[in-house]
Amino acid sequence: MLDFFTYFANWLAYTVFGLDPATRLGTSIHFFIEDTTKILFLLVVMIYVIALARAALDLERVRAYIQGKHRFAGYLFGSGFGAITPFCSCSSIPLFLGFTSAGIPLGITMAFLFTSPIINEVAVIMLWSLLGWKFTLAYVVIGMAVGIFGGMILDTLKAERWLKDFAAKAYQKAAGAPRHPGEAEVPQARKMTFAERHQFAKDELKEIVGRIWKWVLIGVGLGAALHGFVPDGWFAENLGSGQWWSVPVAAFAGLPLYSNATGVIPVMESLIMKGLPVGTTLAFCMSTVAASFPEFIMLKQVMTFRLLGLIFVILLANFMVVGWVINAIGPWLFAGL
Amino acid sequence: MKTFEVLGTGCKKCQTTAESIERVASELGQTVTVEKVTDPAKIMEYQVMSTPAVAINGEVIHSGSVPDHEKIVGWLKP
């Protein structure tokens, strides 16, 4: 079905604009038209459909659900809910405090916050359509692993010591309170009529598309430029054997860049098609998406520099491990991609 | 006179929320005070997890989005 967008781009770029498919400009413009139309179409349809389904999921219920879980299940659920729960990054502080003051361990809260920017429905849809289901599945597993392990490390180090005072106090108060089984009851889902769900989905669609369309254009534009102007085989020749140092370089190069997953995925597509090893590509892209300075500045309100520094190091280390592991097993994992 | 508190750590949506409450109030010819609460400790006390949120007299009446026109009119009714 998605072939339609390739035909459309053929027609528009080569017939209407009269570009030559053998030129750099021709392939770049073709890539740009195909990817923007495909992505925007998928976004509109899928955001609406998914929003209909999750209209009744709110943070209070998610919190109560995680609260009732055993610690290790907690990391898994924290990260899983981070992936599916809609929430705007400007809400991360209230969310962080809401979880912390309910006695949820710092690591579980951070598993939620780490995974949240990496995985969302938009990223999954785009990956699926551009790079196939195998890659999408690997990306989701890796995104959750980054959150889960990051959280576990924080708790192992008892990192809640380095919260700002007021947050640490709120956590201790809640964590020290006697807990009875079944105390954290999950509130009932709000009953919603279809009209209410439709309204929610419509608002959600308007809000998300309004926020990310620029990122899509920038991301696809960069991807298109890479696609047309980096000579085929350049990455393969220079970095193709997954030299070990290419992974840390990629992770550090992604740091100062800040984009959301939507903008990065078309770039990822281009890099992989040009022969950059998948692990190196992932290290670069996850670093761009998950470690962002605006987010760190926000977290400064509830954390000391020491804790922020620690989180930063943990994230970087995680991206490098991901890069190395995937480079090592990638040829076997993505055969035929 | 009603006093509204808009809770949020200073994102654009919180700004919009405060402005729309003031605008609707002046359309209805009412004077209201709108205070912006950006201190995370205070927001935590209100137990709000998604911002922007709105409180009147210390009670949270809305959270998670920019309230629409009708909703604000509802709050301003005597």
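**View 1. Helices α14 and α16 of chain A pack against each other.** The axes of helix α14 (residues 278–290) of chain A and helix α16 (residues 305–333) of chain A approach within 7 Å and cross at roughly 155 degrees. Axes are lines fitted to C-alpha atoms, for helices over the stretch in contact, with angles from 0 to 180 degrees between N-to-C directions. α14(A) and α16(A) are therefore roughly antiparallel (angles over 145 degrees; under 35 is roughly parallel, 65 to 115 roughly perpendicular, the rest oblique). The crossing of α14(A) and α16(A) is right-handed (the near helix is turned clockwise from the far one by less than a right angle; left-handed if anticlockwise). The model is predicted: local features need pLDDT of at least 70, side-chain atom pairs count only at pLDDT 80 or more, and totals for chains, interfaces and linings use all residues. Residues are numbered from 1 along each chain as its sequence is written, with chains lettered from A and ligands numbered from 1 in the order in which they are written.

**View 2. Residues that join α14(A) to α16(A).** From α14(A), the contact includes V278(A), L282(A), A283(A) and M286(A). From α16(A), F319(A), M320(A), G323(A) and W324(A) are among them. Contact means C-beta atoms, placed from the backbone, within 7 Å. By class, this contact has twelve nonpolar, six polar and no charged residues. Ala, Val, Leu, Ile, Met, Phe, Trp, Tyr, Cys and Pro count as nonpolar, Asp, Glu, Lys and Arg as charged, and the others, Gly among them, as polar.

**View 3. A283(A) in helix α14 of chain A.** A283(A) is buried, with 30 other C-beta atoms within 10 Å (buried is 20 or more, exposed 12 or fewer, partly exposed in between). Beyond neighbours within four places in sequence, A283(A) contacts V247(A), A250(A), A251(A), F319(A), M320(A), V322(A) and G323(A).

**View 4. Chain B where it touches chain A.** Twelve residues of chain B meet 16 residues of chain A. Helix α2 (residues 40–45) of chain B gives the largest share of the chain B side, four residues. That side has seven nonpolar, four polar and one charged residues.

**View 5. The fold of chain B.** Chain B has three helices and four strands (DSSP runs: helices H or I, at least four residues; strands E, at least two; numbered from the N terminus). From the N terminus, the elements run β-α-β-α-β-β-α. Buried residues make up 33% of its 78 residues.

Conventions. Two residues are in contact if their C-beta atoms, placed from the backbone, lie within 7 Å.
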